[in-house]
Amino acid sequence: MLPVTADDHLPGPVAVLANPTAGRGRHRALLPRLLDGLAAAGRPIRLLPASSPAEAEAACRTAVAEGAGALVAVGGDGTVHRALQAVAGTAVPFGPIPAGTGNDFALDTGFPADPLAAAAVIAEAVRDGRSQPVDLARMVGVDGTERWYGAVLAAGFDAIVNERANRMRWPRGPRRYDLAILVELARLRPRRYTLRLDGVPHDLDAVLVAVGNCPTYGGGMRICPDADPTDGLLDVVVAGRVNRRTLVRVKPRIYQGTHVSHPLVRSFRARTVELAAEGITSYADGERSLRLPVTISAVPGALRLLR
């Protein structure tokens, strides 16, 4: 798609959501330089106060409602996810500065991996009044709750592992996630899923289901390797009746995206995905999201990216 330009479609300040704990804090000292880089756009910079994910999302919504000319998220996919809830479907352009453990959305949509370089790209786009439309995925739960995501929705083994890790109080840090993997591997069993892809039903048993607007999740794992956030479609990847040994052997192939050639892995593409299963809470952009069943729709051009 061609860039969108206007004489002055960024009238308000550039609101910046920064997560100081992203990437285990390794980019925290960079924040002043990142803000200076963004200020090169010649517009006021407003750093949003937030001490929790819920406060971060609320601060973004308030900034957009009060007339922010652009929103920038400094952090990983979780920080981006919170910001997307405020700008999705609006004319307010958005820029992600990758500074987290997983930066899948920023990298999959063409931003540099270096935070300072990404800030420079965003500042130039703000200065020139330039943005490019990309798709987002909109999910709706049975109670009408609506959430947006940019990268991938996990609704199988990975989501179950995340859910267990979030319930655990010990150990701290990455080892908690590693322990959750071991526990859930021991409990691994296929679950019954009902998929409706553009209205066409598919009933299947699976251990892993992912719905991608972008190709990667989890810090570079190409779970939906052919997903394109500009094609107006969602990619659905399903690993069927896979046992523990096969899952452990196939999972490293996800980093290259070659897992989709395994005979027990199936891929689909659709504009609307209805997904149902018992006892599954989905994770979108790595963040705890809606309990299944959910309906997910690709929304073309739902986000205007500052690049």
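**Exercise 1.** Which residues line the second largest pocket?

*Solution.* The structure is a predicted model, in which local features need pLDDT of at least 70 and side-chain atom pairs count only at pLDDT 80 or more, while totals for chains, interfaces and linings use all residues. Residues are numbered from 1 along each chain as its sequence is written, and side-chain values use heavy atoms, with hydrogens and water left out.

Step 1: a pocket is an open set of points on a 1 Å grid over the protein atoms alone, where a 1.4 Å probe fits and protein lies on both sides within 12 Å along at least five of seven lines, and lining residues have an atom within 4 Å of a point.

Step 2: the lining consists of Ala-159, Ile-160, Glu-163, Arg-164, Arg-167, Glu-184, Arg-187, Arg-191, Gly-279, Ile-280, Thr-281 and Arg-291.

Step 3: helix α6 (residues 157-167) gives the largest share of this lining, five residues, and by class the lining has seven charged, three nonpolar and two polar residues.

**Exercise 2.** Determine which side chains make polar contacts with the side chain of Asp-205.

*Solution.* Step 1: Asp-205 is found in strand β10 (residues 200-206), strands being DSSP runs of E with at least two residues.

Step 2: not counting residues up to four places away in sequence, Asp-205 touches Pro-190, Arg-191, Arg-192, Gly-240 and Arg-241, where contact means heavy atoms within 4.5 Å.

Step 3: a polar contact is a pair of N or O atoms within 3.5 Å, one able to donate a hydrogen and the other to accept it; the side chain of Asp-205 has one of 3.1 Å with that of Arg-192 and one of 3.0 Å with that of Arg-241.

Methods: Helix = DSSP H or I, 4+ residues; strand = E, 2+ residues; numbered from the N terminus. Nonpolar A, V, L, I, M, F, W, Y, C, P; charged D, E, K, R; others polar.
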